[in-house]
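The following note comments on the model shown below.

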Amino acid sequence: METSIPKKEEVKYNPRQVYIREDMIAATSVLQIRASEIRQSQINWQSYLQSQMITQRDHDFIVNLDQRGQKDLPDKNPEGCADVFLNLITHISKDNTIQYVLVLIDDILSEDKSRVKIFRNSRHGNAWQPFLNLLNRQDEFVQHMTARIIAKLACWHPQLMEKSDLHFYLSWLKDQLKSNAENMSAELAHAEQVMLEHEKQNFSDKHNKHKEKIDKADSEKYSSLYSSFDVLKPHEDLLHGIHKNNDYIQSVARCLQMMLRVDEYRFAFLSVDGISTLLSILASRVNFQVQYQLVFCLWVLTFNPLLAEKMNKFNAIPILADILSDSVKEKVTRIVLAVFRNLIEKPEDHQVAKEHCIAMVQCKVLKQLFILEQKRSDDEDIMCDVEFLNQRLQASVQDLSSFDQYATEIKSGRLEWSPVHKSAKFWRENAARLNERGQELLRTLVHLLEKSRDPVVLAVACYDVGEYVRHYPRGKHVLEQLGGKQRVMFLLSHEDPNVRYEALLAVQKLMVHNWEYLGKQLEKEQIDKQAGGTAVGAKS
């Protein structure tokens with residue numbers, strides 16, 4: 001026997017009020033705030049009917065849902081609901097009406113996840129196309145609310161998104177993420193420029209000589225800082241679109257956070273170069289909220305063992321180690337540690353897990369773990385992961401040979417003057433090992449000589465290729481084939497004196513190697529001649 005609903009709960013559906021509380025709690029982006037404003041709009045559906053832009057059926061349905069509070073219409077008539085909304089977003093061109101329709105669709109889905117089947121099971125051939133077309137609209141709200149709806153339709157329905165549509169959508173998300181992040185980085189750089197200029201103008205030595213005057217004028221100096229943000233740099237000198245609200249980057253990241261929870265979508269994201277895009281953005285300047293969301297995306301990706309094994313090929317560990325070192329927000333620290341744990345636990349190849357441990361040691365993660373251990377966070381997840389990582393990294397250090405340390409350092413791309421580089425014993429024993437796995441380490445050194453902008457990295461790489469040539473008989477020939485000799489010669493004119501010095505030493509070793517070989521040949525010929533002369537004398 002069904003239980004009757006109490007009278008006080010029989011409230012008419014009001015789309016302008018039902019989600020206000022959600023927005024107050026979770027208005028983390030401009031999308032949420034703008035949606036809340038759009039709900040207060042009044043659309044004249046009658047005018048669309050009179051102009052024959054919508055049918056009588058579409059008009060009646062949307063009016064009953066939107067203005068007469070018939071909340072259960074989508075459940076009573078799912079096919080009609082899908083037809084009406086897909087007709088509206090296909091045939092109406094006015095931005096503010098499309099915005100309103102998209103907010104209605106999002107609200108319908110947010111109220112009950114199972115309603116995604118209304119749109120996924122519709123009679124409109126490809127249900128994705130009307131939504132994917134809206135991603136090309138000029139209006140930013142329309143684009144990003146559409147992206148949010150697509151993510152829900154793709155993740156909350158058991159049937160996966162079709163491959164071509166999925167590829168298009170993930171590529172759009174990746175491109176949006178990249179462009180918004182570039183704008184954000186430029187804005188942060190602009191803000192830093194403002195701060196430096198302000199400090200230069202207001203805190204120079206002549207001001208410090210009159211401290212009493214400074215105390216009196218403090219408020220004026222700091223208040224001038226606010227206007228400086230607007231006047232220091234002309235708008236046209238900044239990137240195109242930089243003064244638009246870049247908070248939409250959080251909405252894009254949120255879509256990715258949803259999509260990458262589905263294992264089948266993870267490899268599709270890899271195929272559109274998504275992982276390298278995430279990491280390149282994380283290596284740049286973004287705020288901590290975006291930082292957290294993007295590292296969260298990496299975290300869900302690493303639940304797939306194959307992707308966990310591939311992750312450090314994109315230089316993930318050094319980038320995340322830097323974030324951990326600079327992090328001032330507990331949630332960023334927590335999610336980075338969670339990624340590190342997955343990079344050790346999830347790979348099925350134990351050798352890869354070991355290499356990840358070594359890479360973390362190389363990137364000074366143990367030092368950060370020690371600092372976190374001393375702080376004793378109240379967050380149980382953080383302390384649990386700190387303990388786990390400490391144990392695994394300490395164990396890997398004990399098993400680490402000098403060559404393992406060296407190989408890890410080379411692969412990290414962060415060369416420094418660690419003891420192995422200057423050890424003659426190390427090079428005598430290990431120079432030939434640079435040829436292992438198709439000269440993987442030697443190729444990495446040559447790549448660093450070409451791509452790195454860090455003078456220390458360049459200097460150490462020059463030294464290493466010189467030692468390789470000195471201790472491996474065919475070293476000069478192999479290095480020339482890989483283009484290493486040309487790179488070293490090019491660095492002879494580098495602006496940094498230490499790089500020039502090490503490049504010169506490396507060139508000398510290349511030349512000395514030739515002279516030693518030639519000297520040995522001449523010495524051998526001389527001995528042969530002497531031996532021949534002695535033999536002739538004995539006969540006579």
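**Note on the predicted model**

1. The chain holds 31 helices and zero strands. Helices (H or I, at least four residues) and strands (E, at least two) are DSSP runs, numbered from the N terminus. The model is a predicted one: local features need pLDDT of at least 70 and side-chain atom pairs count only at pLDDT 80 or more, while totals for chains, interfaces and linings use all residues. Residues are numbered from 1 along each chain as its sequence is written, and side-chain values use heavy atoms, with hydrogens and water left out.

2. Of the 540 residues of the chain, 48% count as buried; the term buried means under 20% relative accessible area, exposed means over 50%, and partly exposed lies in between (1.4 Å probe, protein chains only). The chain exposes about 28900 Å², of which carbon and sulfur atoms supply 51%. Accessible areas come from the Shrake-Rupley method with a 1.4 Å probe, and for residues only the protein chains shown count as cover.

3. Contacts (heavy atoms within 4.5 Å) were also classed by sequence separation. Among those between residues at least 6 apart in sequence, 73% join residues at least 24 apart.

4. The largest pocket has a volume of about 960 Å³. Helix H21 (350-362), helix H24 (402-412) and H27 are the elements that give two or more residues to its lining. A pocket, on a 1 Å grid over the protein atoms alone, is an open set of points where a 1.4 Å probe fits, with protein on both sides within 12 Å along at least five of seven lines; lining residues have an atom within 4 Å of a point. Grid points are joined across faces, edges and corners, and the volume is the space filled by probe spheres set on the points.

5. The lining of the largest pocket comprises 33 residues, and those nearest the centre are Glu355, Ala407, Lys411, Ser412 and Glu440. H27 supplies the largest share of this lining, nine residues. By class, the lining divides into ten nonpolar, ten polar and 13 charged residues. Here Ala, Val, Leu, Ile, Met, Phe, Trp, Tyr, Cys and Pro count as nonpolar, Asp, Glu, Lys and Arg as charged, and the others, Gly among them, as polar.

6. Most residues other than glycine have a negative phi. Gln439, in helix H27 (residues 436-451), has a positive phi near 55 degrees and is a residue other than glycine. Asp273, also not a glycine, has a positive phi of about 65 degrees. Asp273 is placed in the loop between helix H15 (263-271) and helix H16 (274-282), and counts as partly exposed because its relative accessible area is 42%.

7. Helix H16 is mostly covered, with seven of its nine residues buried. The buried residues of H16 are Gly274, Ile275, Thr277, Leu278, Leu279, Ile281 and Leu282.

8. Asp106 lies in helix H7 (residues 95-111) and counts as buried because its relative accessibility is 3%. Beyond residues up to four places away in sequence, Asp106 touches Met145, Arg148, Ile149 and Lys152.

9. Gln293 is buried because its relative accessible area is 4%, and a polar atom of its side chain lies 3.1 Å from the backbone oxygen of Gln250. Leaving aside neighbours within four places in sequence, Gln293 is in contact with Gln250, Ala253, Arg254 and Gln257. Trp299, at 24% relative accessible area, is therefore partly exposed. With the neighbours within four places in sequence left aside, Trp299 is in contact with Ile335, Ala338, Val339 and Asn342.

10. Glu480 belongs to helix H29 (residues 475-481) and is partly exposed because its relative accessibility is 29%. The side chain of Glu480 makes a polar contact of 2.7 Å with the side chain of Lys476.

Technical notes:
Polar contact = N/O pair within 3.5 Å; in protein donor to acceptor, adjacent residues only side chain to side chain.
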